[in-house]
Amino acid sequence: MRASLEVADIFRAEGAGYRAAQAGHLSLTQLKVMSAIENCRTAALGGHVDACADCGHWRIAYNSCRDRHCPKCQGATARVWLAEREADLLPVGYFHVVFTLPAEVADIAAQNKAVVYNLLFRAASETMMTIAADPKHLGARIGITAVLHTWGSAMTHHPHIHMIVPGGGISLDGQRWISSRPAFLLPVRVLGALFRRRFLTGLIKLHAAGQIAFFGTLAGLADHRLFLRHLAPARKKRFVVYAKPPFSGPEAVLAYLSRYTHRVAISNRRLITFDETGVTFRYKDYRRDGLERQRVMTLAPHEFIRRFLLHVLPHGFHRIRHYGLFASSARKASIARARELLAVAPPPEPVEVPEPTAWLPPCPCCGGRMTIIETFGRWRQPRAPPRATAPTGSRPS
């Protein structure tokens, strides 16, 4: 069901003015995302006409843009991805671990997304793998599914990594499964200290190699001494690593993944109004507790678009990554070994099933089977259906 207000409505109304005001300051990727969202499920992308075999009701369905930043196009992608992950779940507790960058570094990341986000992934995953392999802690090789989020609830820039980690791993000699304590995986202060050292060391190396750039108020950081001075407070600051209690079961893990893996900066459900005062939406203020946490914010349309585009990722950048037991190169063998050590029967081999033909939503009038009777290309309009298939009162939904 279409939301009463969508991000696409704001982009269609204000996008042209924003592009004109920011001419020369928007990347090609950002411009493509704006265009995709504006055209999603409109005649610009073509579509098809469905008709009910029972009552004759017909409707026009326009094609989706399938852009990963579009609030309307993530549902189907998430369902396919989750179906593939379900077979990989192990019958153990799973932990949710979050690695967050401090503000001094987040500003640099905003201007160097690809290299700094890659460093964030690498530093966080290596930290988890190193501490987990230490015999003083777990002494095992663990599996990690990591997801990058770059936003806070108010769409400000807040890069952080969400990780889903099984409560245990395979011993370093590969001969047994080592379980973590029921409500404890790894010490977060130890993780935070190593994460800070690995990340800042990597960032300094990137600067020395000339792989990061600075613009605007940060332009002076191109000087290596000023750059080191800028990082000095971060060296003393605690890098926040947060470990939530374990999930209650595999179903809870999948429910979490369905909410987090394909999320975008703001969903259409959070939008309230769009009028002469601006764009009003709901957000959470995590500095408050209880009912006070739920807040409402109004932004000028151009500021709303600016914040949304802050979170457009570079072309080809992977925001979901797997490490350790879940790394793609050895995933199948590692999961099979883990199941063997846990004395769990392997999941049944997937059965090849033909592609379903009844993938269209049922008829909104009678629940009957809908079939495609016509397709049409970009910027084309469908032909009017024959009168025999369109009874009085039936029209496109």
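How far apart are the mean positions of the positive and negative charges of the protein chain? In which order do the strands of the open sheet stand, and in what sense do they pair?

Author: The model is predicted. To begin with the charges, the protein chain carries 53 positive and 28 negative ones, and their mean positions lie 5 Å apart. The chain exposes about 21100 Å², of which carbon and sulfur atoms supply 55%. Of its 397 residues, 47% are buried. The C-alpha atoms fill a box of roughly 75 × 60 × 45 Å along the principal axes. Among contacts with a separation of 6 or more, 72% join residues 24 or more positions apart.

The protein chain has 10 helices and 14 strands, and the part you ask about is an open sheet of 5 strands. Their order is S9-S3-S6-S5-S13, with antiparallel pairing. Strand S9 (241–244) and strand S13 (320–324) each have a single partner strand, so these two stand at the edges and one side of each has no neighbour in the sheet. From one strand to the next, the twist averages 25°.

Helix H6 (residues 188–208) lies across strand S3 (94–100) and S9. The direction of H6 is at about 145° to S9.

How values were computed: Residues numbered from 1 in each chain as written. Predicted model: local features only at pLDDT ≥ 70, side-chain atom pairs only at ≥ 80, totals over all residues. Heavy atoms only, no water. Helix = DSSP H or I, 4+ residues; strand = E, 2+ residues; numbered from the N terminus. Buried < 20%, exposed > 50% of the residue type's maximum accessible area, 1.4 Å probe, protein only. Contact = heavy atoms within 4.5 Å. Areas by Shrake-Rupley, 256 points an atom, 1.4 Å probe, with all protein chains shown as cover. Lys, Arg positive; Asp, Glu negative; His and termini not counted. Charge placed at Lys NZ, Arg CZ, Asp CG, Glu CD. Pairing = 2+ DSSP bridges. Axes fitted to C-alpha atoms, helices over the stretch in contact; angles between N-to-C directions.
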